[in-house]
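Dear colleague,

Please find the structure below, handed over for your records. The findings follow directly after it.

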Amino acid sequence: MAASLKKGQLPTKLCATCGRPFEYRKKWRNNWEEVRYCGEKCQRNKQNTDYPVKINQ
């Protein structure tokens, strides 16, 4: 991940629980490919219906 990306140019994914898009965060830089949830609440409230993880770059 290039350090020169601006806020509007960050990659996004869809949350596997709620289906809402979320953007890359600095704390996820080491494992961005493995991140599936937008936050702790969605990770705790996993549902049986998982939305497909989609990467928009």
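Which residues form one aromatic cluster? The cluster is made up of Phe 22, Tyr 24, Trp 28 and Trp 32.

Before the details, a note on the source is in order. This is a predicted model, in which local features need pLDDT of at least 70 and side-chain atom pairs count only at pLDDT 80 or more, while totals for chains, interfaces and linings use all residues. Residues are numbered from 1 along each chain as its sequence is written, and side-chain values use heavy atoms, with hydrogens and water left out.

**Overall layout**

The protein has 1 helix and 2 strands, where helices (H or I, at least four residues) and strands (E, at least two) are DSSP runs numbered from the N terminus. Their order from the N terminus is β-β-α. Of its 57 residues, 25% are buried, a term that stands for under 20% relative accessible area, with exposed being over 50% and partly exposed in between (1.4 Å probe, protein chains only).

**Aromatic residues**

The structure contains 4 aromatic pairs. Rings of Phe, Tyr and Trp (its six-membered ring) pair if their centres lie within 6.5 Å; planes under 30 degrees apart count as stacked, over 60 as edge-to-face and the rest as tilted. Phe 22 and Trp 28 make an edge-to-face pair, at 5.6 Å centre to centre and 75 degrees between the planes. Both of these residues, Phe 22 and Trp 28, are buried. The pair of Tyr 24 and Trp 32 is edge-to-face because the ring centres are 5.5 Å apart and the planes stand at 75 degrees. Tyr 24 has 14% relative accessibility and therefore counts as buried; Trp 32, at 6%, also counts as buried.

**A loop residue**

Glu 33 sits in the loop between strand S2 (21-23) and helix H1 (40-44). Its relative accessibility is 67%, so Glu 33 counts as exposed. Lys 13 lies 20 residues from Glu 33 along the chain, and their C-alpha atoms are separated by 9.8 Å.

**The largest pocket**

Among the residues that line the largest pocket are Trp 28, Tyr 37, Cys 38 and Glu 40. By class, the lining has 4 nonpolar, 2 polar and 4 charged residues; Ala, Val, Leu, Ile, Met, Phe, Trp, Tyr, Cys and Pro count as nonpolar, Asp, Glu, Lys and Arg as charged, and the others, Gly among them, as polar. A pocket is an open set of points on a 1 Å grid over the protein atoms alone, where a 1.4 Å probe fits, with protein on both sides within 12 Å along at least five of seven lines; lining residues have an atom within 4 Å of a point.

With kind regards
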